[in-house]
Amino acid sequence: MIGALMLDIAGTELTQEDIELLRAPQVGGMILFARNIESPQQVRALTDHMRQIRPDILIAVDQEGGRVQRLRSGFTLLPAMGRFGELYLTQPQKALQLAEQCGWLMATEVLAVGIDFSFAPVLDLNAISDVIGDRGFSKNIDDIAPLAGAFMQGMKKAGMANTGKHFPGHGSVKADSHVAAAIDSRSYDEIYNHDMQSFIKLMPQLDALMPAHVIYDQVDPNPAGFSPFWIQEVLRKRLNFNGVLFSDDLSMQAACVAGGADARIQAALAAGCDMGLVCNDRSAACTALEGIANLELPNQERLERMRGQIPPIQIGETLSLGNEWQAVKTAIEEFKNSI
């Protein structure tokens with residue numbers, strides 16, 4: 001059974017404390033960071049060990065490309081998604097083809113080392129946000145859906161579920177919600193007609209969403225990830241979204257409005273999230289776990305859809321995943337180097 005908390009570990013292998021936490025019923029996911037990565041072989045050994053302890057665990061990573069890419073040593077260094085948006089302005093078909101190949105390549109490498117999914121793609125505008133920038137596909141809202149849709153198609157071909165982020169849009173908010181409270185004072189109609197459009201257009205293909213740690217104060221006093229209005233009224237009811245909802249990291253500064261880690265994860269789950277993330281703070285993760293220990297487990301059928309098609313293969317110190325992988329890798333690296 002899959003629990004409602006996703007947490008992390010400090011090193012490149014499991015400690016006894018990590019193993020004990022993995023066995024807690026309300027732990028449902030593990031997210032890997034750069035500090036957990038030495039080589040493809042080591043990552044696969046780590047994820048295999050996690051599944052020996054907890055066969056039903058979901059393992060995730062942020063492998064977007066560009067500056068947000070945790071798997072580096074021994075993996076393909078992917079371009080930022082904004083590069084596809086720039087190419088789309090002059091060569092749209094080539095941009096779509098490369099975006100799909102990039103999604104397939106990312107997913108193929110991530111799955112090969114035993115990770116179920118990457119939290120990707122970013123569907124935010126490449127606008128004024130300090131933290132989004134070229135993580136977003138385009139500065140033009142109409143160009144995001146075709147490019148992100150192609151990237152998601154590539155992920156699906158490889159056997160990976162997608163996660164669109166950060167609903168209903170973080171790109172038009174300058175503050176970085178990791179380190180500050182982020183507030184967007186536009187009306188619901190302004191947000192709906194602009195930033196939300198990439199999410200709405202892709203809704204039929206989205207497996208999961210991650211709400212933004214942004215307060216849209218003309219709409220609701222709570223950050224979107226703690227807001228029954230945004231999650232239950234807008235996403236579930238008006239937009240008929242039936243995929244998984246992951247909270248953004250509940251250790252981020254913008255999440256502190258909800259109180260301690262136990263109060264934050266309780267608020268996120270009560271608002272309608274399926275799983276809450278508490279990262280880079282083991283004490284907070286333990287507090288969150290205690291805070292939800294007696295709650296019902298989340299929707300199992302929904303969360304099972306995030307399980308990746310992980311190949312039963314041996315992984316060496318460097319990746320070697322066949323002729324198609326080599327050809328696509330070469331194409332993406334040539335594109336990245338041509339920028």
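In the predicted model, 23 salt bridges are counted, a salt bridge being a side-chain nitrogen of Lys or Arg within 4 Å of a carboxyl oxygen of Asp or Glu. The structure is a prediction, in which local features need pLDDT of at least 70 and side-chain atom pairs count only at pLDDT 80 or more, whereas totals for chains, interfaces and linings use all residues. Residues are numbered from 1 along each chain as its sequence is written, and side-chain values use heavy atoms, with hydrogens and water left out.

One of these salt bridges joins the side chains of Lys-165 and Glu-64, with an N to O distance of 2.9 Å. Because Lys-165 belongs to strand β7 (residues 163-167) and Glu-64 to strand β4 (residues 63-65), the pair ties together parts that are 101 residues apart in sequence; strands are DSSP runs of E with at least two residues, numbered from the N terminus. Lys-165 and Glu-64 are both buried, that is, under 20% relative accessible area with a 1.4 Å probe and protein chains only, where exposed means over 50% and partly exposed lies in between. Lys-165 and Glu-64 also take part in a network of salt bridges that links them with Asp-62, Arg-70 and Arg-135.

A salt bridge is likewise formed by Arg-186 and Asp-184, whose closest N and O atoms are 2.8 Å apart, and both of these residues are buried. In the salt bridge between the side chains of Arg-238 and Glu-233, the N to O distance is 3.1 Å. Here Arg-238 counts as partly exposed, at 41% relative accessibility, and Glu-233 is assigned to partly exposed at 24%.

Definitions and conventions
Helices (H or I, at least four residues) and strands (E, at least two) are DSSP runs, numbered from the N terminus.
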